[in-house]
Amino acid sequence: MAAKKTVSTFAQAKKSGEKLTMLTAYDYSFARMVDRSGVDAILVGDSLGNVILGQPDTISVTMDQMIHHTRAVAAGTANALVVGDMPFLSYQVSVPDAVLNAGRLMKEGRAQAVKLEGGAAVSAQIRAIVDASVPVMGHIGLTPQSINAMGGFKVQGKGEDAERLMRDALAVQEAGAFAVVIECVPAETADALTKALSIPTIGIGAGPDCDGQILVYHDLLGLFDGFQPKFVKKYADAGEIIRNAFGKFVSEVKSGTFPGPEHCFTAPQNLDKLY
Ligand code: KIV
């Protein structure tokens with residue numbers, strides 16, 4: 001059986017140079033499949049708002065929704081570190097709120113770490129959560145909870161803005177985070193951040209030099225046929241397979257091909273035994 005991944009796995013990988021891998025999951029069945037792939041951590045992202053709840057952004061996601069989905073993912077995960085995302089305004093308002101909500105993700109959601117967005121502005125929250133024995137993953141660069149303030153989904157850390165990102169990255173590390181996600185940042189900037197930090201960087205749209213990579217599994221599997229960001233690689237067109245299977249079911253029921261004799265119980269059989 002594979003070894004349980006922990007925050008020590010992340011620290012070790014930074015030292016050895018072995019790349020870290022993370023994928024999202026939002027429910028028990030997908031958590032089981034993602035876990036079997038051997039990923040180091042599963043993020044129950046607040047991208048839940050987009051890919052599961054059909055919202056245009058992550059702003060409306062609540063603590064109760066995050067706890068509900070994190071608990072399902074934790075139940076399906078044996079080896080990967082389960083990271084629960086802290087939703088908008090669950091940590092920005094005050095340090096006590098941040099600690100209580102991080103604690104809820106652990107106690108009620110069974111997360112083994114939490115992730116929150118922001119740099120220097122949330123370093124007091126990160127410090128207090130870490131002091132309460134909850135491991136924190138930071139998230140800088142494009143932080144989707146701030147899209148209204150940022151004026152949309154835009155690449156961050158270009159030109160002189162790279163210095164702001166460096167200050168944020170160092171603040172997150174100084175506050176005690178065990179790793180930091182870097183989203184939608186030029187590869188050169190992400191490389192400089194990765195070299196400057198002693199904690200691992202996990203990139204999404206941040207080039208190949210981060211210490212690890214994360215993707216939302218809906219993007220990786222091609223479950224959406226709409227807009228696909230440049231940084232996404234579609235490893236399978238599962239959406240096409242699923243749509244075909246659903247369509248086949250509908251046409252076979254309509255034509256009377258399904259259920260066939262092999263799917264039917266016959267009179268002499270013991271009808272108490274369904275499976
Ligand atoms: O919510 C999420 O899925 C994320 C990843 C994109 C890093 O924050």
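Biologist: By class, how many nonpolar, polar and charged residues does the shell around the ligand have?

Modeller: This is a predicted model, and the residues around the ligand in it are Thr24, Leu43, Gly45, Asp46, Ser47, Asp85, Lys115, His139, Val181, Ile204 and Val216. Gly counts as polar in this sorting. By class, the shell has 4 nonpolar, 4 polar and 3 charged residues.

Biologist: How much of the accessible area of the ligand does the protein cover?

Modeller: An N or O atom in the side chain of Asp46 is 3.1 Å from a ligand oxygen, and for Lys115 a polar side-chain atom lies 3.0 Å from one. A polar side-chain atom of Ser47 is 2.5 Å from an oxygen of the ligand. On its own the ligand has 260 Å² of accessible area, and the protein covers 95%.

Biologist: How many disulfides does a search of the whole structure find?

Modeller: A disulfide is a covalent bond between the sulfur atoms of two cysteines. For Cys210 the closest cysteine sulfur is in Cys184, and because the two sulfurs are 11 Å apart, they are too far for a bond. The search of the whole structure finds a total of 0.

Biologist: Is Cys210 buried or exposed?

Modeller: Buried means under 20% relative accessible area. The value for Cys210 is 1%, so Cys210 is buried.

Notes. Residues are numbered from 1 along each chain as its sequence is written. This is a predicted model: local features need pLDDT of at least 70, side-chain atom pairs count only at pLDDT 80 or more; totals for chains, interfaces and linings use all residues. Side-chain values use heavy atoms; hydrogens and water are left out. A residue is near a molecule or strand if one of its heavy atoms lies within 4 Å of it. A polar contact is a pair of N or O atoms within 3.5 Å; within protein, one must be able to donate a hydrogen and the other to accept it, and residues adjacent in sequence count only if both atoms are side-chain atoms. Accessible areas come from the Shrake-Rupley method with a 1.4 Å probe; for residues, only the protein chains shown count as cover. A disulfide is a pair of cysteine sulfur atoms within 2.5 Å. Buried means under 20% relative accessible area, exposed over 50%, partly exposed in between (1.4 Å probe, protein chains only).
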